[in-house]
Amino acid sequence: MRMFRLFLAAFLLPAASLSAQSGSGRDLFGHVEGKTYVSPTGAFKVTIPVLPELGGRVIDTENVVTFQDDFNVLCTIAAFPMDATQRWEYSTRGLKDYLAYFFANYVMPDFQQTFSGARAESAKFVPSVAEGSLLVYTLLPGGSMFAHKLTFLSPDERLPDAKRGNLVFVRNGWIFVMSVELAERILERSNYHKTTAEEDEILRHRLIELLGKIQFTPTATPAR
């Protein structure tokens with residue numbers, strides 16, 4: 001299942017300027033059409049959620065695309081074809097249990113291998129989103145993509161754990177994993193006073209907003 005390990009690879013690779021890619025896509029596996037990113041697999045296309053004038057940039061692999069800007073946007077969309085093993089797990093477990101199985105066995109181990117102490121803060125099945133999805137909030141020590149923006153930490157100041165909302169669902173024979181970082185948790189530091197419930201609601205809203213920008217392609221052919 002090496003292909004699932006590409007999920008975190010897109011977080012860790014350097015991103016290129018979006019303005020340099022618009023209209024050409026020479027540096028991408030997928031390509032950009034105006035304000036839309038088109039996945040190289042053909043499984044989806046998405047209205048680009050960052051702006052070049054705000055430092056918007058994109059990096060992708062064959063299965064994962066990450067968008068980031070210079071302010072507070074970091075989001076990733078991964079689409080993996082369900083092979084025979086995954087289709088069997090899905091058919092025998094049912095949607096709710098399959099999504100939990102997939103996240104626990106493929107996504108969370110990558111987080112834990114990359115960020116020591118990574119953990120799932122909470123998770124719940126949401127039947128009304130994406131025809132049934134798993135919403136997971138993760139805490140990743142040292143896992144913020146915005147930590148480089150902090151120019152000074154006092155000797156007694158500890159960088160908060162990065163927090164990401166993750167949405168997992170199945171569509172047209174593909175397993176999708178969307179992830180959004182709550183950048184304010186890192187950037188606002190002593191001025192940040194959100195409760196866990198408030199953080200969860202912000203991330204849930206941003207994930208659903210990103211989901212609304214995606215167009216899925218029923219004709220894309222997953223692996224057999």
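Of the 224 residues in the chain, 48% are buried, where buried means under 20% relative accessible area, exposed over 50% and partly exposed in between (1.4 Å probe, protein chains only). This is a predicted model, in which local features need pLDDT of at least 70 and side-chain atom pairs count only at pLDDT 80 or more, while totals for chains, interfaces and linings use all residues. Residues are numbered from 1 along each chain as its sequence is written, and side-chain values use heavy atoms, with hydrogens and water left out.

The chain holds six helices and twelve strands; these are DSSP runs numbered from the N terminus, helices being H or I of at least four residues and strands E of at least two.

The whole structure contains nine salt bridges, each a side-chain nitrogen of Lys or Arg within 4 Å of a carboxyl oxygen of Asp or Glu. The table lists three of them.

| Pair | Distance, N to O |
|---|---|
| D200 and K163 | 2.7 Å |
| R206 and E184 | 2.5 Å |
| R204 and E201 | 2.6 Å |

In the salt bridge of D200 with K163, distant parts of the chain are linked: D200 belongs to helix 6 (residues 196-211) and K163 to strand 10 (residues 162-171), 37 residues apart. D200 is buried at 15% relative accessibility, and K163 is buried at 0%.

R206 pairs with E184. Because R206 lies in helix 6 and E184 in helix 5 (residues 184-187), this pair ties together parts 22 residues apart in sequence. R206 is partly exposed at 22%, whereas E184 is buried at 14%.

R204 and E201 both lie in helix 6, three residues apart, about one turn of the helix. R204 is partly exposed at 29%, as is E201 at 40%. Salt bridges with shared partners also join E121, K163, R185, E199 and D200 into one network.
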